[in-house]
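Subject: Model for your files, with notes

Hello,

Here is the model you asked for. My notes follow below it.

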Amino acid sequence: MNGSTSSSVSTTPAAPTPACIDSSARILLLPIVSSLVWLVISSVLALIASVKLHSPTVLADSSWLTYGHTRPAANDAFVYGFASQAGLAVALWILCRLGRNTLVGGLPIAIGSIFWNLGVTFGLVGIFTGHTTGFDWLEFPKAGSFILLASYGVLGICALLNFRARQPGETYPSQWYILAALFWFPWLFTTARMLLVQFPVRGVMQLAVSGWFTNGLFTLWLTSLGLAVLLYFIPKISQAQLFSRSLALIAFWSLAVFGGWAGFYRGLPLPAWMISTGAAASVVLLVPMLATVANLWLTMGQGTPAKSGLLGYFKYSLIAFALCGVFAVFNAFIPQLRLTLFGEGVEQLFLYGFVGLALFGAIHYLAPRLTGQENDKFVCWSGMASTFGILLFAAAFLIGGILQQKRLIDGSVPFLDVMNKTKMFIRLSTLGVLLLVIGNILTLARVLLLVRACCQACCSSCCSESKPSVKLKPAGAAR
Amino acid sequence: MKDVKSTSMTEAEPSVRSGATYLSMWVLGLLGVLTWWAFSYVDARGGHFNSMVYAPYGSTNQLASFIPKDETGSAFARGKMVYGTYCGNCHQANGMGAAGIAPPLAGSEWVLAEGPNRIIRIPYLGLTGPIKVSGVEYNMAMLAIAAGGGMTEQQVADVLTYIRMDWGNKVAAPLVTPEQVSKVLAEIKARTDPMTADELLKLPALVP
Amino acid sequence: MNHGPLIFLGILVTFVMSWWGLIFAPQMQIGVQQNASLVDGIYPRPRAGLAEQGHHVYVANGCVQCHSQQVRQESYTFDVVLTAPGTNNEIVIRALGKIAPGINAGAVAAAATDQKPQTILTNVPQGVADDAQARLKKAGATAKTLFIPLGVDIARGWGSRLTVAADYLYDQPVQVGHSRLGPDLANYGQRAPSTKLILEHLYDPRLTMDKSLMPAHRYLFETKPVGKKSSPDALALTGKFAPPAGHEVVPKPEALQLVAYLQSLRASTSLFEAPASPAPQP
């Protein structure tokens with residue numbers, strides 16, 4: 001054993017084994033598979049949107065596929081359909097594993113997941129038919145959001161029950177982040193929907209609420225899910241202890257205190273104090289970022305990683321997280337940068353590079369264990385496609401954005417020239433999105449194959465005891 | 001790149017090294033420095049939390065100093081407040097007056113006359129008897145609301161400027177100055193009776 | 001950190017702080033802001049019916065994904081213009097000579113009227129401008145100090161001053177935007193071309209601007225067979241944009257509403273928090 005025994009955990013004699021926990025959590029495959037489907041849909045929509053940016057005459061006759069519809073649809077499908085759902089599923093699994101309890105509430109989770117998908121479907125159809133609310137990351141019309149919030153209620157309560165069912169002992173940082181995230185999301189979402197859609201506040205106050213919500217969604221909800229995953233998997237796969245508990249504590253509480261305040265950038269039509277507060281907060285948020293990165297980097301340095309290609313996912317996810325923190329400061333201070341491709345690039349780097357890669361790694365780790373099958377197909381290829389895809393996309397948009405900003409600032413360059421000179425970067429980004437689509441499809445394919453093998457194993461073992469299960473590795477206990 | 005299961009790695013859950021490290025002290029120090037910087041930044045650039053201050057401006061005092069010393073504009077603003085205090089009750093906030101209470105000022109040919117000579121006298125002496133305003137005859141009594149120090153000359157000048165500019169009223173030179181008001185006051189020093197419409201019509205519109 | 005309720009309490013307190021600071025406090029400030037009362041009426045004025053419908057078309061089509069509606073301003077400066085030369089020409093010319101030695105004082109004094117103010121000083125600090133104005137007043141002339149906002153967006157012609165909360169009071173939802181893939185539209189109404197040109201731009205931006213990256217919004221229009229006479233609304237399209245023979249392209253109501261909305265977009269009125277002087281008439 002490489003010194004990775006847990007400290008000060010008093011397990012009761014009846015603590016279930018990891019294999020037992022995994023088979024009890026099999027229902028989590030439902031949200032995971034549906035989130036991967038949404039992932040593929042989102043990346044296809046993103047591809048269409050990306051193509052339309054540099055070739056605007058393509059598919060111009062369809063009102064559904066105009067850029068103004070496909071871009072927000074791709075964004076929302078990713079955040080709500082994939083990231084939030086997969087994040088919740090992985091979070092539930094992490095809670096069970098860390099708490100050493102079998103999954104509580106399998107049926108409510110399944111129902112919640114089904115209705116979550118229904119909500120996202122309604123929401124996306126609403127966007128395409130023009131019933132969008134008009135606010136970034138909140139475009140779902142009332143029907144879709146209400147269903148989404150209700151199903152979140154079910155899933156969130158199940159997660160809380162799972163946390164409560166844990167074995168007594170010290171909590172691990174991932175659990176703090178998951179607990180925090182479970183409370184942050186409904187507050188953010190409900191406040192934003194109330195103040196923007198149900199009982200709208202007046203004028204530019206909507207911008208304040210929308211900015212606060214968007215920042216909360218990224219810096220609090222998605223960051224927490226991503227960090228919970230990284231803090232769990234990096235020490236596990238590196239076979240080392242997390243470097244420092246106090247660093248983790250500082251990171252968590254500084255994120256909690258300052259995380260909600262960032263999100264406003266120079267130039268917005270808001271009073272100067274709100275802009276300054278947002279800009280200053282984004283600088284202070286470098287501290288939790290640095291603390292977490294240092295913590296995990298030193299953990300990786302100390303360990304001897306298992307032979308697993310999965311560490312790559314989490315390592316690059318961590319790098320993306322660090323970069324996003326730094327770029328957020330650029331966004332807040334450098335004039336007009338947030339409004340160029342750079343701003344979009346940072347958003348997508350955060351979503352795909354940090355949250356996406358972390359969740360992909362987690363899903364690739366989880367899926368064989370939940371299904372009890374083994375299948376190495378596509379792990380390598382999907383990882384490379386996703387990583388290179390986001391690298392290409394982010395690099396194209398970030399560099400293109402910086403050049404766009406320089407030309408925007410220079411009043412002598414006509415606007416048409418500013419945009420035409422960035423066309424090459426947009427074309428490169430389309431290539432990046434194409435790679436992401438391929439990567440996503442491969443990930444989905446792998447998980448579906450695992451699920452299929454699991455179903456076949458189940459069917460063949462219950463249908464007939466006499467027939468040997470052919471060509472399948474036995475649904476054995478994960479060690 | 002095999003999956004984890006087939007190696008001999010244990011599936012133990014991750015754990016944390018307890019105990020503080022020097023690194024944590026450094027990070028706490030950095031947090032302190034950045035928080036202090038953040039507060040001083042907001043202090044310097046935050047416009048003192050005033051909702052009227054937008055970058056690049058620094059304070060409402062600075063904004064006030066930019067207001068052009070345009071007499072007509074500021075007289076309008078002051079006059080509007082005076083109107084609300086003294087005249088609005090009868091002539092109404094929209095200048096339309098009310099039947100049996102006061103004739104309208106909006107569109108009134110008395111207000112829109114070339115100069116304020118006639119209308120300066122009304123608040124100081126009052127008005128009695130029939131008067132035709134926009135083709136409608138009114139016969140009520142207006143009190144000498146400004147007499148005996150009831151309103152300062154500046155206030156009378158401002159409110160007359162205001163009524164000549166709001167509610168769609170447009171004249172070439174709407175500004176009424178306190179000097180004009182003083183000149184008229186000197187003329188009517190001896191009189192205490194209210195004016196009548198006929199008497200007013202005999203006077204020139206412009207202040208001599 | 002091992003008790004769920006304690007963690008929850010900590011999270012609750014920290015989160016409520018940001019809610020209080022960024023939602024509650026601003027609501028008390030800008031959320032209750034009313035229209036500004038200016039010399040020529042209230043600002044902003046509510047949008048006319050067609051423009052208000054156009055706002056919904058703008059939102060429904062996701063125009064905000066490419067277009068922002070926020071004008072930025074980096075700094076400001078002052079100009080001094082002469083509006084009336086007064087009666088004592090000699091003294092005025094002498095004063096002008098002291099204030100602005102480089103200009104042709106005689107010609108400036110002769111030409112200055114209220115409708116045609118003559119620029120005396122440009123790009124000077126406030127103190128200098130006030131001093132010049134005082135001197136000219138003493139000489140019997142009338143001069144005005146103009147407040148000139150400066151910024152990249154303003155230099156590009158996208159607006160005449162920064163946009164502030166008052167400009168968005170009637171917008172629900174506010175479409176301030178997060179991306180400048182297309183030009184800023186906050187003050188588009190002031191530079192908007194004719195209705196016909198805007199419609200052609202919406203139909204296919206390559207009609208009016210060959211290199212534009214804006215998607216074509218052909219679905220806002222209807223291609224239908226020509227009746228006895230062509231519709232008055234029909235777009236005059238030629239070349240590769242022309243509809244098939246015997247057909248004409250007519251804007252749908254959404255297109256007309258959108259155009260009305262675009263033409264109503266203005267943010268140039270001078271306000272207390274965003275001063276701007278009207279430019280001197282040419």
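Which residue of chain A forms a salt bridge with Arg218(C)? The partner is Asp61(A), with the closest N and O atoms 2.8 Å apart. A salt bridge here is a side-chain nitrogen of Lys or Arg within 4 Å of a carboxyl oxygen of Asp or Glu.

Before the rest, the ground rules. This is a predicted model, in which local features need pLDDT of at least 70 and side-chain atom pairs count only at pLDDT 80 or more, while totals for chains, interfaces and linings use all residues. Residues are numbered from 1 along each chain as its sequence is written, chains are lettered from A and ligands numbered from 1 in the order in which they are written, and side-chain values use heavy atoms, with hydrogens and water left out.

Interfaces

The rule finds one salt bridge across the interface of chain C and chain A. That contact (heavy atoms within 4.5 Å) takes 68 residues from chain C and 86 residues from chain A. About 6,600 Å² is buried between chain C and chain A, and carbon and sulfur atoms give 64% of it. Buried area is the accessible area, taken with a 1.4 Å probe, that two parts lose on being put together, summed over both. On the chain C side, Phe15(C), Leu22(C) and Leu213(C) lose the most area to chain A, together 12% of what that side buries.

Chain B and chain C bury about 1,700 Å² between them, with 60% of it on carbon and sulfur atoms. In chain B, the residues that lose the most area to chain C are Tyr54(B), Tyr57(B) and Phe66(B), together 34% of what that side buries. The contact takes 20 residues from chain B and 21 residues from chain C. The count of salt bridges between chain B and chain C is zero.

Salt bridges elsewhere

Over all chains, a search of the whole structure finds 19 salt bridges. One of them joins the side chains of Arg245(A) and Glu170(A), at 3.5 Å from N to O. This pair links distant parts of the chain, 75 residues apart: Arg245(A) is in helix α8 (residues 245-258) of chain A, and Glu170(A) is in the loop between α5 and α6 of chain A. Helices (H or I, at least four residues) and strands (E, at least two) are DSSP runs, numbered from the N terminus.

Helix packing

Axes are lines fitted to C-alpha atoms, for helices over the stretch in contact, and angles run from 0 to 180 degrees between N-to-C directions. Angles under 35 degrees count as roughly parallel, over 145 as roughly antiparallel, 65 to 115 as roughly perpendicular and the rest as oblique. A crossing is left-handed if the near helix is turned anticlockwise from the far one by less than a right angle, and right-handed if clockwise.

In chain A, helix α5 (residues 142-164) and helix α6 (residues 173-198) pack at about 160°, with axes 11 Å apart. The two are therefore roughly antiparallel, and their crossing is left-handed. The residues of this contact divide into 14 nonpolar, five polar and two charged. For these classes, Ala, Val, Leu, Ile, Met, Phe, Trp, Tyr, Cys and Pro count as nonpolar, Asp, Glu, Lys and Arg as charged, and the others, Gly among them, as polar.

Also in chain A, helix α11 (residues 310-333) and helix α13 (residues 379-409) pack at about 15°, with axes 10 Å apart. That makes α11(A) roughly parallel to α13(A). Leu310(A), Tyr313(A), Tyr316(A) and Phe327(A) of α11(A) meet Val379(A), Ser382(A), Gly383(A), Thr387(A) and Leu398(A) of α13(A). By class, the contact has six nonpolar, three polar and no charged residues.

In chain B, the axes of helix α5 (residues 117-125) and helix α7 (residues 178-187) come within 10 Å and cross at roughly 65°. These helices are therefore roughly perpendicular, and the crossing is right-handed.

Backbone details

Most residues other than glycine have a negative phi, and most peptide bonds are trans. The peptide bond from Ala55(B) to Pro56(B) is cis, with omega near 10°. Pro56(B) is in the loop between α1 (22-45) and α2 (60-66) of chain B. The bond from Tyr43(C) to Pro44(C) is also cis, with omega near -5°. Gln239(A), though not a glycine, has a positive phi of about 55°, and sits in the loop between α7 (205-238) and α8 of chain A.

Regards
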